[in-house]
Amino acid sequence: MHPAAFRTKIAANLLVAAALLLLAAPLCAQSDKPAPFKDIPGYVAWMKANHKAPFNLIGANVPSGSSNALLQTRAKANSLNARTAANSQRAYQNIQVNQDRNPWPKAGISSAVNPADPRNWVVITNDFRVNATRLFYHVSTDHGRTFTDDLLVGGTDSLIGGVPFTFNVNPSVSFDNAGNSSFSVLSGDEIIDVNNNYFNLDNEIDEVQGFADGTYSNVFPTLIDAQQCSGGLFSGPFTCPGNVSQPLNTTDSNPGSPNVGTTYVYYTFFCNLNPGTCTDGTATIPSFGSVILESHSPNAETPFSPPALVSGPLINAQFSTMVIDAAGTPHIFFDDFTNAPVITMWESTLIGGVWTVSTSPVATFTYNGLGNVNWAFTDSGAVQPGCGIHQYTAYCAFSAVQVAGGSLESSPSVYVAAVNVNTGASRVARVNNDAFNAGKHHFFAWATTTPGGAVYVGWYDDRHDPLDTNVEYFVGKSFDGGRTFPIQKAVNDVPFNPCNGFQGCGYFGDYTQLVSGPGGQVHAAWADTRDGVSMQIWSQTVPF
């Protein structure tokens, strides 16, 4: 059955149940008017118009009309690749992560190394191979030489009888010290039933437990946070009081920590009520505000706590990343967009069971977008704090055109904030060492550290293309605590155009994590269009 017909059939069958839920919802969460948007692009535009913090959500399906174009491009690319492969001179031998052989795009990458076995590396991505976006994870047990290929289960919509959500996005994975992996996922619906005046964009965050060094995962997700966004398409009522966004997860794998084995899931909540306030767990969110929330479980497959407020008084927050220090204390770094395009990055620490925000931001910077006329993909994720930690110093990478006190560039560079999580003291350094203000673009950065204290940052970079079209995936290494990065190299063996594979160049992911393991090896995985067709996932164990 065609996906659109399937969604319509679901909606028709469950219309009565959905209507009852609407009637039972609080009056302050309802509107007598129909939905102010009619599809996901309209929904995203409405969210952006009403919230200061950026809101990203890729479409549930490959854009209409792009599938035939992908197939035609693949046929041409196969012939070209066969002619040129023998002539290529490659510094590295990258390894493809996804094991399917179709042209459907993959992007948005999370990965983790098993702290109990450095050979075990798991990579998970958004994947369009079944048209509706799903999450596929790939397990290596030989330091990234070979990978498996498995589908992660998504959530079910408890608001309409437990029907599986139509799409899943925002991959994240972590490990405990016993080799159990933990995945988090944002599940959502896009059900449009014109005949029955029904529209459903319900969304929720789930955790999925992995087993046996990440080689397989549970078929039953654990619900973290569910939000209703459904009702009348052409006539009311329509209910959409809040939405969840951008979940990630981190597991405490330090055997000496009092919280060892605890998995933390953290994400953004957007309140859509006007007037009125939203309540989620123990948090209260003002009208059209956005905050960071966190929920945790003390060990594998035990219940998660009610969502708790992380971002304190800051009410235009988005993009969060957690690190756990040597004593087992978790710290979440996040951005506040109250004065965007000037953005402030903050640290929040779990103290005595309460999240406490730093008294001052750890970084203040300006980001105006990539500004590259050759690209059109959403790039607000470039300001996400991509963080790692060594002992009690966190390192958070991000893109900016200017850092407070510094000079302004015409296009973004990558910076890293080094933060003493005990004192809150921080300093910021530029990472990429190409010429300042040269019009080049550096984005989707992430930092990680090795047990020996070396700091690595990975990012996409177009410095070698005079036409500012093709990018490479760079990794830089610091020996002095993130002050300088004297070694930085492209680790992909073929430059590529990030616009290949998604109609209108509309998507290239929101983040790309760089990771390291207990053996000191650093692993890079990135979205790559080297075949000239679409985004596939390639990888390299960093040799420096």
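Where does P341 lie? Select P341 and you land in the loop between strand 25 (330-336) and strand 26 (342-351). Keep in mind that you are looking at a predicted model.

Next, jump to G236 and P237. The peptide bond from G236 to P237 is cis too, and here omega is near 5 degrees. P237 belongs to the loop between strand 16 (230-231) and strand 17 (238-239). What makes these stops worth a look? Most peptide bonds are trans, and most residues other than glycine have a negative phi.

That second point sets up the next pair of stops. Select N131, in the loop between strand 4 (121-127) and strand 5 (134-140). Its phi is positive, near 75 degrees, and N131 is not a glycine. Buried or exposed, or something in between? With 26% relative accessibility, N131 counts as partly exposed.

Then go to N170, which has a positive phi near 60 degrees. N170 sits in strand 9 (residues 167-175), and at 5% relative accessibility it counts as buried.

Time for some rings. The model has 30 aromatic pairs. Start with F443 and Y460: their ring centres are 5.4 Å apart and their planes meet at 20 degrees, so this pair is stacked, the cut-off being under 30 degrees. F443 is in strand 34 (residues 442-449) and Y460 in strand 35 (residues 455-461), so the pair ties together parts that are 17 residues apart in sequence. Both F443 and Y460 are buried.

How do the rings of Y460 and Y473 pair? They go edge-to-face, 5.2 Å centre to centre with 75 degrees between the planes. Y473 lies in strand 36 (residues 472-478) and Y460 in strand 35, so this pair ties together parts 13 residues apart in sequence. Y473 counts as buried, at 0% relative accessibility.

Now widen the selection to W375, F377, F443, F444, Y460, Y473, F496, F508 and W526: ring pairs link these into a cluster.

Two last stops show a charge over a ring. Select R129 and F136, and you will find R129 over the face of F136, 3.7 Å from the ring centre. Finish with R530 and W538, where the charged end of R530 sits over the ring of W538, 4.0 Å from its centre.

Note on methods: Residues numbered from 1 in each chain as written. Predicted model: local features only at pLDDT ≥ 70, side-chain atom pairs only at ≥ 80, totals over all residues. Heavy atoms only, no water. Helix = DSSP H or I, 4+ residues; strand = E, 2+ residues; numbered from the N terminus. Buried < 20%, exposed > 50% of the residue type's maximum accessible area, 1.4 Å probe, protein only. Phe/Tyr/Trp six-rings, centres within 6.5 Å; stacked < 30°, edge-to-face > 60°. Lys NZ or Arg CZ within 6 Å of the ring centre and 35° of its normal.
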